[in-house]
Amino acid sequence: MIVAQELTKIYGSGEAACGALKGVSLEIGKGECAVILGQSGSGKSTLLSVLSGLERPTAGKVICDGEEITAMNEKQLTDFRKRTVGFVFQQYFLLPHLTVEANVRLCADLAKNKDYGEIIRAVGLWEKRTRRPKELSGGEQQRVSIARALAKKPKVLFLDEPTGALDEETGRNVLDLLCKAQQEIGFTAVMVTHNPSIADMADKVFVMNSGKIADMRTNAQKKTAFEIGW
Ligand SMILES: Nc1ncnc2c1ncn2[C@@H]1O[C@H](COP(=O)(O)OP(=O)(O)OP(=O)(O)O)[C@@H](O)[C@H]1O
Ligand SMILES: [Mg+2]
């Protein structure tokens, strides 16, 4: 489903050059849940951006859903992202002038999904659906960004720290919702997290260190959101 070969990403040039990815290769199967762990600055967000076609690598190849996205032009890439990819950003990126409902509906419309109200309910924001992002807490905004990504029924869902701003109870509920949505919609999930316990929910775990994959493991048995430590 996702194949990355020898990805490098260098930001800046000359003295200021920063190697955020230094030869990353990986494979994630269709419908799998992959978790990416690693210290701050190790390249996790950069890897998600490159795998999802938001940013181009300096070198290397990405094949996602059978398409070589690193060979696409801008228009093809935008079209691919629209058709295939859902993204939950570390900084949310909600549209500030739109309500919760309108933020979610915008993505639901892309997939002609009429059930987006159910998703708003599932993330616990039905009562707050007419509020704008600045009238919500950080954790509530994070849940809107998750609802928005799910409403699009993506083939691949990329999540950057989706539980970072959530307390334990809300975090577990959101992870449980993501698992249920994954079973229902059947998307492939790639999730970055600082919480190593969440890796117990994944099929595959990648540990990043200084722009490289330092460790990879598969879980024979996965835990549920309510069985993992926190
Ligand atoms: N746009 C950019 N321009 C220059 N350097 C960048 C840029 N984005 C990231 N970097 C650098 O690339 C490296 C990897 O950054 P990245 O954001 O991928 O780390 P991360 O693992 O997601 O960290 P965190 O856990 O703090 O979110 C860091 O050294 C960072 O300073
Ligand atoms: Mg990051």
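Reply: Start with the residues of α5. Glu140, Gln141, Gln142, Arg143, Val144, Ser145, Ile146, Ala147, Arg148, Ala149, Leu150 and Ala151 are buried there. (Buried means 20 or more other C-beta atoms within 10 Å of a residue's own; exposed means 12 or fewer, partly exposed in between, with C-beta atoms placed from the backbone.) The model is predicted: local features need pLDDT of at least 70, side-chain atom pairs need 80 or more, and totals for chains, interfaces and linings use all residues. Residues are numbered from 1 along each chain as its sequence is written, while chains are lettered from A and ligands numbered from 1 in the order written.

Now step back to the whole helix. α5 covers residues 138-151. (Helices are DSSP runs of H or I, at least four residues; strands are E runs of at least two; both are numbered from the N terminus.) Twelve of the 14 residues of α5 are buried, so the helix is mostly covered. What does the covering? β6, α3 (100-110), α4 (116-122), β7 and α6 (168-185) are included. (Contact means C-beta atoms, placed from the backbone, within 7 Å.)

Next, its length. From first C-alpha to last, α5 reaches 20 Å. That is close to the 20 Å expected at 1.5 Å a residue. (The expected span is 1.5 Å times one less than the number of residues.) Just after α5, lysine 153 takes a positive phi of about 45°.

What does α5 lie across? The helix lies across β6 and β7. α5 runs at about 175° to β6. (Axes are fitted to C-alpha atoms, for helices over the stretch in contact; angles run from 0 to 180 degrees between N-to-C directions.)

Both strands belong to an open sheet of six strands, in the order β6-β7-β8-β3-β9-β10. The pairing in this sheet is mixed. (Two strands pair if DSSP finds at least two bridges between them.) β6 (85-88) and β10 (212-218) stand at the edges. Each has a single partner strand, so one side of each is left without a neighbour in the sheet. Neighbouring strands of this sheet are turned by 15° against each other on average, direction ignored.

Another helix packs on this sheet as well: α1 (residues 44-51). α1 touches β3 (33-38), β7, β8 (188-192) and β9 (204-209). The direction of α1 makes about 155° with that of β8.

Walk along the sheet from β6. β6 and β7 (residues 156-160) are parallel, with four bridges between them. Valine 85 has valine 156 in β7 as its bridge partner. Then come β7 and β8, which also pair in the parallel sense, over five bridges. Here the bridge partner of valine 156 is threonine 188 in β8. So valine 156 has a bridge partner in β8 and is itself the partner of valine 85.

β8 is mostly covered: five of its five residues are buried. The bridge partner of cysteine 33 is alanine 189 in β8.

To return to the helix: α5 lies across β6 and β7, and β6 is an edge strand of the sheet.

How values were computed:
Two residues are in contact if their C-beta atoms, placed from the backbone, lie within 7 Å.
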